[in-house]
Structure formats: C-alpha cells, structure tokens
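Subject: Structure handover

Hello,

I am passing on a structure to you, with notes on what was found in it. Please look through the model first and then read on.

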Amino acid sequence: MTNTSENSRFLKACRREEVDATPVWFMRQAGRYMPEYRKLREKYTLLEMVAQPELAAEVTLQPIKAFKMDAAILFADILLPLKPMGVDFEFVKGKGPQVHNPVRTAADVAALKPVDTEASLGHVMEAIRILRGELTETPLIGFCGAPFTVASYMIEGGPSKDYRIAKSMMYNAPEVWHAFMEKLTTVLVNYLMAQIDAGAQAVQIFDSWVGALNGPDYEAFAMPYSKRILDAAHATGVPVIHFGVGANTILPLMKKAGGDVIGLDWRIPLDKGWDIVGHDRGVQGNLDPVTLFSTPELLEKRVKDILRRADNRPGHIFNVGHGILQHTPNENVKAVVEMVHEFSKR
Ligand code: CP3
C-alpha cells in the first residue's frame, strides 16, 4: 500500500491499529521557537497570519518540513470564535490574550452573537483545503478549545491563576453559566464540524484549564458541553483526541465525555494514565515540554521511559504533555522525533 495520509501511522494509532513505529507530533509545534515562524512574525501579527489562509498553511507546514512530525496541526487558535461572537480581544506581549469586553452578566450572555461559521471563520476552512492539497503523506489535525477553557478566557478577560470570576459565575449564577455554555458550545460544534467538512482528518479538543475543576464541578458545569462537541465530532467518523491539563484526577470523567484518544499531561506516568483511561482508548503524550531544554542524554532517557510505559501497545501517540514552549532548542525537537521513530520501531 502506498503511504497516503489515510493509512499514516498517526491515523492508524488513533484507531488503535498496529503501526511500524510510534507516531509523534507536538502540541503548539508551529510557533515562536522556530526561526522560520519568527521571521514571518516580524511582518504580521498572529491574528493577521491566521486570517490569511496561504500564510496559515505555510506556518502549519514549517515544523513538518523541518522536523518531519507524523501529523500537522492547523495553524489557528482556540480563541478565534470570540470575535464573531462579539467578544473582542488581542494578544498582548508578555500578558497573553486580553479580552476587552469580558462576559460577566446575563445581559453579556444575551448579547453574544450567533456565528455564521463560513462567513466569519471561512479563512480557517480555506487554510484546511489548501493544506489538504499540499499534504499527501501527513494527516491534518483540526481543533477547538473545550467550552470550559474558552469560557474561562471570555469571563476572566485573560489568563487566570484561580479562575475566581469564572467559577463564581458557576457557583453563584448557574443559570447564567449554563446559558453561556449552551451558546458557546453551539458555536464550537459548528466550527469543528466545518473544519471536518473542509478536510481535517482528526480533531483535538483542548481543555487546557480544566485542572481548575474538581470532579463534581467538571461533571455538572463543563462535561455536558464538552460531550456535545465530542459526540458531534465522533459521529463524523474522524478520530477525536480529548486533551486536558492538570486533569489526572478526572480522567475517568474525561473518558466518559468522549474521545478515541485521551491526551495525558506530563504529570502522570503514561502507563498509569493509560490504566486509568482504559486500554479500549488510545493515549497521547506525555513528555514534559521543559525536558526539551535539557541534554540529548536526558531526553533519550525520558523518551525511552515513555515508550517503555506504552509498551508498543496499539493506540499510543507520542507528544509533549503540554504545548512546546517559546525558546525550545530546535535541534532537540528534531532529535526527539528521530528518537521516537528509532526506539519504537516494530
Ligand atoms: O499547535 C499548533 O502549532 C497550532 C497552533 C495553535 C496556537 N494556539 C497558535 C498560537 C494551537 C493548537 C493553539 C491552542 C491554544 N491557544 C491553546 C491550547 C493549547 C495550550 O497550550 O494549552 C490555548 C490555551 C490558546 C490561547 C493562547 N493563544 C495563549 C495562551 C497564547 C499565548 C499568548 C502569548 O502572548 O504568549 C496564544 C497565542 C498563540 N497561539 C501563539 C501561537 C503560535 C503565540 C503568539 C505569537 O506568535 O505571538
């Protein structure tokens, strides 16, 4: 069989089929650690790059060309649906995303606009179509944020340590919270479905800040909305990856919400995480992204440890346990891709 993207290692692993070697890609693999990206970034802001499908496609391909990962992830951001909903924000150097009109009250929720995905986010789907034309062997991953994580930015107005404002809305005005989550989830479902229609071959749901919730709160306030997205994506037949950070105590609930593959952060040994998730699902992870700042010797040890814990069981996708950081030495990224392939050869 020729090596087309449909029978690639990555999609096979998502389906828990046997592979010739463990597939590897990295969350946030396109970005500021790469000189190719920084060069473009001198001319354009992140949002300008994302808005131009040719540029978004080019940035998506940069890490694939440089490091030969087994999957490409569309260059976009989990916050893109905010502006079409009427919530304005910008990325401020050193401060992260800053929302100008955060959602705090019932009136703010009522004012959120329904989104015509093609009209306002059509550039994302155009980037996917361009990429599918250019990528012959490497599958393309689409993504969105999980409702809790996206909502927490929209309510807090930016990054937060304690999610005080978002969780206070949950506890003190649950009807406002649920009305908000309903609206947001509809937007996210439509956005992810449009990515799949345009050609995304797998999708990942990023629940980066779900670690702020305990099990009962996750179950009551976040899980039903994540589940709506995961169910809709699953029904299309494309593999779905469900990733949370700091979520090791709620892994059984995340599994229940959905996902063919559960993304593990770097805090839990991979075999322990997989035991909790259950071997009827795949797992993705989970190298500590900070180890990429270390020596090849330490990296070799850590890569081998993760692969040993995965034990060549079908369904492991190698990744970092949270996104690659700015300033990550490029040669270590390349080395890890090569190590994973070499050490996991069947
Ligand atoms: O993985 C990839 O390479 C695809 C592109 C991608 C970006 N953001 C591009 C980006 C993906 C998958 C994301 C997801 C995303 N965005 C998440 C979930 C993943 C995670 O790390 O938990 C989150 C929480 C966001 C929100 C967001 N966007 C933050 C917190 C920031 C950093 C802001 C800053 O100034 O440091 C962004 C900006 C962003 N998104 C950058 C990139 C490459 C860097 C901005 C730049 O180039 O100036």
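A nitrogen atom of the ligand is 2.7 Å from an N or O atom in the side chain of Asp-77. That is a polar contact, meaning a pair of N or O atoms within 3.5 Å; within protein, one must be able to donate a hydrogen and the other to accept it, and residues adjacent in sequence count only if both atoms are side-chain atoms. An oxygen atom of the ligand lies 3.0 Å from a polar side-chain atom of Arg-32, and an oxygen atom of the ligand is 2.9 Å from a polar backbone atom of Ala-30. On its own the ligand has 880 Å² of accessible area, and the protein covers 91% of that (Shrake-Rupley method with a 1.4 Å probe; for residues, only the protein chains shown count as cover).

Before the rest, two remarks on how to read this. The model is predicted: local features need pLDDT of at least 70 and side-chain atom pairs count only at pLDDT 80 or more, while totals for chains, interfaces and linings use all residues. Residues are numbered from 1 along each chain as its sequence is written, and side-chain values use heavy atoms, with hydrogens and water left out.

The strands come next. Seven of them form an open sheet in the order E1-E4-E5-E6-E7-E8-E9, with parallel pairing (two strands pair if DSSP finds at least two bridges between them). Strand E1 (72-73) and strand E9 (316-320) are the edges, each pairing on one side only. Inside the sheet, E5 (residues 202-207) and E6 (residues 240-244) run parallel and are joined by five bridges; Ile-205 has His-242 in E6 as its bridge partner.

Strand E2 (residues 89-92) runs antiparallel to E3, with four bridges between them. Val-92 stands opposite Gly-96 in E3. Three residues lie between the strands of this hairpin, where Gly-94 takes a positive phi near 85°.

Two backbone details remain. Most residues other than glycine have a negative phi, and most peptide bonds are trans. Arg-16, in the loop between helix H1 (9-14) and H2, has a positive phi near 60°. The peptide bond from Gly-285 to Asn-286 is cis, with omega near -10°, and Asn-286 lies in strand E8 (residues 282-287).

Regards

Methods. Helix = DSSP H or I, 4+ residues; strand = E, 2+ residues; numbered from the N terminus.
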